[in-house]
Amino acid sequence: MTKHHILQVGAYPEWDQGPLDAAYTVHRWWEAADKDAFLAKVGPGVDAIATRGDLGASEAMIAACPKLKMISVFGVGYDAVHLASCRSRGIRVSNTPDVLTEDVADIAVAMLLALVRRTGPAEAWVRSGDWATKGMFPLTRKVSGTRAGILGLGRIGMAIGRRLQGFGMEIAYSARSPKPGAEGWAFVPDAVTLAKQSDHLFVALAATPETRHIVNATVLQALGPEGTVINISRAANVDETALLDALEGGRIAGAALDVFEGEPNLNPRFLTATNVLLQPHHGSGTIETRKAMGKLMRDNLTAHFAGQPLLTPVL
Ligand code: NAP
């Protein structure tokens, strides 16, 4: 039986690569030295694209694949996929929601605690010998019982809120409409008002043209000098220059970030800031969840080629 042709945009773990290689003829775009020449050569034969949320599929890549009918994204964010091209050509798109929700919410809460209780600097205090020579580590701030604002109450935002309830936090949220399941949490229609009434602002929005830089200088000003930002969504939701200016100017207390413009090459100002906690876009980075994401990404491809409905369709 002839195999369908897949354009693979980036690397996957071996437990996904093996089954993909067995089921399809896989063209490894990310390994090509001359990517344009590679696309010109293999693009006309490509039936589907297998990609990752951080890599997506560009307008040029989609245009180079005239037979393309399906894009399967490993990850929940599909902001890097050129959806307009997909819509106009009737290309189906799937992602891997739900299976990663709990891990991303776990890391968001871990980031809040680590930032505010300063667990990284405190550990460095122990390892460096400062504890023995200088005495007690400087006092930090309390997390339990403070006010959380969740900007974007989707799957992950909701899971963050459920966890924060366990810390006795007062929870408010912002989305385009009030959400069922958020009873007891205050709905606030805009980001500035949400920031004004929050100690800790979690950014859990989908990244769209409308949400770009929604956390801007005005929102940070409203959050104030005791406030923190925790972003586990997409870098584009935060104006990084405004954030760095606010951090360096002491206009907010700190930021914990899993996502960055141009990642993994982040703005070097982050590396010297002392009031930030930096993570390598690792919200879903557990073995269990990455296996579940890979299986869902592959199951969507299987469903497509079997002429069945996609398990988790975006388009
Ligand atoms: P989701 O269920 O689609 O939730 C997205 C939320 O964004 C919804 O509450 C939606 O509100 C809100 N939203 C969209 N446009 C808005 C706008 N213009 N104004 C206000 N709210 C708006 O997505 P999810 O699965 O929770 O994922 C959330 C984010 O996490 C995404 O950006 C995703 O890419 C990111 N993510 C990061 C990692 C990581 O490793 N760090 C892993 C997975 C996902 P409505 O319901 O009212 O439209």
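Modeller: Buried means under 20% relative accessible area, exposed means over 50%, and partly exposed is in between (1.4 Å probe, protein chains only). One thing before we start: this is a predicted model, where local features need pLDDT of at least 70 and side-chain atom pairs count only at pLDDT 80 or more, while totals for chains, interfaces and linings use all residues. Residues are numbered from 1 along each chain as its sequence is written, and side-chain values use heavy atoms, with hydrogens and water left out.

Biologist: OK, why is tyrosine 173 called buried?

Modeller: Its relative accessible area is 2%, and the cut-off is under 20%, so tyrosine 173 counts as buried.

Biologist: And what makes phenylalanine 187 partly exposed?

Modeller: Phenylalanine 187 comes out at 30%. That falls between 20% and 50%, so partly exposed is the label.

Biologist: Why is the pair of tyrosine 173 and phenylalanine 187 called tilted?

Modeller: Rings of Phe, Tyr and Trp (its six-membered ring) pair if their centres lie within 6.5 Å; planes under 30 degrees apart are stacked, over 60 edge-to-face, and the rest tilted. Here the centres of tyrosine 173 and phenylalanine 187 are 5.5 Å apart and the planes make 55 degrees, so this is a tilted pair. Tyrosine 173 is in strand β7 (residues 170-174) and phenylalanine 187 in strand β8 (residues 186-187), so the pair ties together parts 14 residues apart in sequence. Strands here are DSSP runs of E, at least two residues, and helices are runs of H or I, at least four, numbered from the N terminus.

Biologist: How many aromatic pairs does a search of the whole structure find?

Modeller: Five. One of them is tyrosine 12 with phenylalanine 74: with centres 5.5 Å apart and planes at 50 degrees, that pair is tilted too. It links distant parts of the chain, with tyrosine 12 in the loop between β1 (5-8) and α1 (14-23) and phenylalanine 74 in strand β4 (residues 70-74), 62 residues apart. Both tyrosine 12 and phenylalanine 74 are buried.

Biologist: On to charges. What makes lysine 295 and aspartate 299 a salt bridge?

Modeller: The rule asks for a side-chain nitrogen of Lys or Arg within 4 Å of a carboxyl oxygen of Asp or Glu. The closest N and O atoms of lysine 295 and aspartate 299 are 2.7 Å apart, so the pair qualifies. Both residues lie in helix α13 (residues 287-305), four residues apart, about one turn of the helix.

Biologist: Why do lysine 295 and aspartate 299 count as partly exposed?

Modeller: Lysine 295 has 46% and aspartate 299 has 23%, so each sits between the two cut-offs.

Biologist: Which residues do salt bridges that share partners join into one network?

Modeller: Glu102, Asp106, Arg162 and Arg163. The whole structure holds 16 salt bridges, among them aspartate 54 with arginine 52 at 3.0 Å, N to O.
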